[in-house]
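Please read it with the model open beside you.

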Amino acid sequence: MRMTSSTIRTRWSPKRDTATPQHRRAAKAAAAVAAGALALSLSACGGSDDGSGGSTGDTDDTANNVTLPNLDGTSLEVAAVWTGTEQANFKKVLQEFEKRTGAKVTFVPAQDPIINFIGSKVAGGQPPDVAMLPQPGAIKQAVDKGWAKPLGSEAVKELGENYSQGWQDIGKVGGKPYGVYYKAANKSLIWYNNQVFENAGASEPETWPDLLNTAQTVFDSGVTPFSIGGAEGWTLTDWFENVYLSQAGPEKYDQLAKHEIKWTDPSVKDALTTLAQVWGKPDWIAGGANGALQTDFPASVTQVFTGGDQPKAAMVAAGDFAQVNIPSSMKIGTDAKVFPFPAVGDNGPVVSGGDAAVILEDSKGSQALATWLASPDAASIQAKLGGYLSPNKNVPNSDYPNAVQQKIAKALIDAGDDFRFDMSDQAPQAFGGTPGKGEWKILQDFLKNPKDIAGTQAKLEAEAAAAYGN
């Protein structure tokens with residue numbers, strides 16, 4: 001399951017960054033304010049009334065803010081890599097669309113990387129009508145290959161009413177709107193088992209040195225500090241991006257994201273050196289490096305919150321979407337708590353991403369589905385079910401099922417246009433989004449051998465240069 005990750009930033013363009021130095025300084029200041037507000041809000045959060053990470057939701061009581069056509073007799077296919085609870089919850093959104101329009105919508109499970117899956121479907125003459133793409137780079141690739149179709153006037157109207165300009169812009173290629181960012185994620189969070197922290201006398205860290213001290217305190221109590229889902233390389237890119245953004249700063253982050261500076265830059269060395277302070281201690285990682293590389297993302301979350309007061313690990317760096325993998329027996333905000341990814345530099349990082357609906361087969365039905373997914377009505381359904389975050393500013397905050405997620409959602413919406421998108425998701429798919437290749441594979445190798453910083457930088461630069469073509 002390819003989870004997606006926004007950090008506070010000046011508006012990003014697939015082509016170039018036109019932000020002035022003054023804008024960048026303003027964005028950096030906004031980042032500090034937003035990160036601080038997030039830290040305060042998360043520490044004050046409580047759990048949901050039922051003690052679970054989600055809710056049953058009620059799709060029979062949805063608002064009706066969007067006009068949709070009658071689509072009786074229309075059949076549509078939607079492809080996404082989502083599995084498990086995430087897929088089941090999205091299907092409820094599709095079911096409401098069916099109820100309102102009369103269309104029949106089939107969910108098509110896709111493999112990661114989804115852009116390759118789509119390519120095979122296009123080659124076979126059977127592309128899905130709509131695909132949920134997790135990367136701006138994938139959207140651009142779909143447009144460049146002639147697969148993606150521009151959004152129609154109704155979908156664009158919904159975007160204009162419900163999304164900040166920044167979220168609209170990252171769905172554009174060449175100035176034309178192609179993507180509806182239906183799902184967002186805050187990936188600058190660390191979830192922890194509160195009972196373990198209490199038993200150890202550990203406290204929530206605010207800085208990277210604090211995190212190392214907390215980890216040592218937890219370790220001394222007899223519990224392994226960290227769970228890492230290294231079987232899926234994207235989790236490791238999230239670790240890197242949080243460290244890099246906070247340590248190197250937003251301007252360097254933007255430059256590296258566009259390969260305007262090389263991965264052999266000293267700033268990358270600094271970030272890898274910092275990461276090695278955790279990754280280089282196998283006793284701090286559940287199962288050691290080898291165990292982490294055999295642990296998928298859902299298991300990396302679950303094993304923090306099972307096993308009573310002796311779980312396999314005490315903490316896991318994971319986005320807001322991790323809630324769907326926390327057992328319902330653990331009350332969010334009481335048993336399962338969360339704190340912002342600690343500041344390595346002057347400011348704490350706030351990294352995010354998202355999944356965008358992109359039309360591959362242009363029709364009245366596919367345009368209506370894109371319009372539906374751009375509406376607050378659709379997002380509200382999944383918001384109520386938990387483990388989901390929408391960049392749609394007109395989704396009522398009260399629709400999120402617990403106080404923790406309400407605060408995370410509010411921080412995202414309050415950021416407006418001032419956000420940064422996941423770096424690996426901005427990269428060409430071959431470098432930043434392919435299992436077993438590029439950045440994912442190289443960081444998996446680095447997890448196994450965190451002493452090889454220079455070699456890791458050289459490999460990253462070689463792969464990036466080939467993928468970016470510069």
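1. Tyrosine 388 is placed in the loop between helix 15 and helix 16 (403-414). Helices (H or I, at least four residues) and strands (E, at least two) are DSSP runs, numbered from the N terminus. Tyrosine 388 is buried, with a relative accessible area of 0%. Here buried means under 20% relative accessible area, exposed over 50%, and partly exposed in between (1.4 Å probe, protein chains only). Apart from its neighbours within four places in sequence, tyrosine 388 is in contact with Tyr182, Lys183, Asp320, Ala379, Gln382, Ala383, Tyr400 and Gln405, where contact means heavy atoms within 4.5 Å. Lysine 183 is 205 residues away along the chain, and its C-alpha atom is 7.1 Å from that of tyrosine 388.

2. A word on the source: this is a predicted model, in which local features need pLDDT of at least 70 and side-chain atom pairs count only at pLDDT 80 or more, while totals for chains, interfaces and linings use all residues. Residues are numbered from 1 along each chain as its sequence is written, and side-chain values use heavy atoms, with hydrogens and water left out.

3. Helix 2 (residues 84-101) has 18 residues and reaches 26 Å from its first C-alpha to its last, close to the 26 Å expected at 1.5 Å a residue. The expected span is 1.5 Å times one less than the number of residues. Among the buried residues of helix 2 are Phe90, Val93, Leu94 and Phe97, and also Glu86, Glu96 and Glu98. The elements covering the buried residues of helix 2 include strand 1, strand 2, strand 3, strand 6 (179-186), helix 14 (364-373) and helix 15. Just after helix 2, glycine 102 takes a positive phi of about 85°.

4. How do helix 2 and helix 15 pack, in angle and in distance between axes? Two packed helices are described by the angle between their axes and the distance between the axes. For helix 2 and helix 15 (residues 376-385), the angle is about 145° and the axes are 9 Å apart. Axes are lines fitted to C-alpha atoms, for helices over the stretch in contact, and angles run from 0 to 180 degrees between N-to-C directions. The contact is made by Glu86, Asn89, Phe90, Lys92, Val93, Glu96 and Arg100 of helix 2, with Asp377, Ala378, Ile381, Gln382 and Leu385 on the side of helix 15. These residues divide into 5 nonpolar, 2 polar and 5 charged. In this count Ala, Val, Leu, Ile, Met, Phe, Trp, Tyr, Cys and Pro are nonpolar, Asp, Glu, Lys and Arg are charged, and the others, Gly among them, are polar.

5. Strand 3 (residues 130-133) has Val130 and Met132 pointing one way and Ala131 and Leu133 the other way, and all are buried. In a regular strand the side chains alternate between the two faces of the sheet. Strand 3 pairs with strand 1 (residues 75-80) in the parallel sense over 2 bridges; two strands pair if DSSP finds at least two bridges between them. In that pairing, alanine 79 stands opposite alanine 131. Strand 3 is also joined to strand 11 (residues 351-359) by 4 bridges, and these two run antiparallel. There, valine 130 stands opposite isoleucine 359.

6. Strand 7 (residues 189-193) pairs antiparallel with strand 9 (residues 315-317) over 3 bridges, and isoleucine 190 stands opposite alanine 317. Strand 7 also pairs antiparallel with strand 10, over 5 bridges, and tryptophan 191 stands opposite valine 338. Because 5 of the 5 residues of strand 7 are buried, strand 7 is largely enclosed by the rest of the structure.

7. Two backbone details deserve a check. Most residues other than glycine have a negative phi, and most peptide bonds are trans. Aspartate 112 and proline 113 are joined by a cis peptide bond, with omega about 0°, and proline 113 lies in the loop between strand 2 (104-109) and helix 3 (114-123). Histidine 259 has a positive phi, near 60°, and sits in the loop between helix 10 and helix 11. Histidine 259 is buried, with a relative accessible area of 8%.
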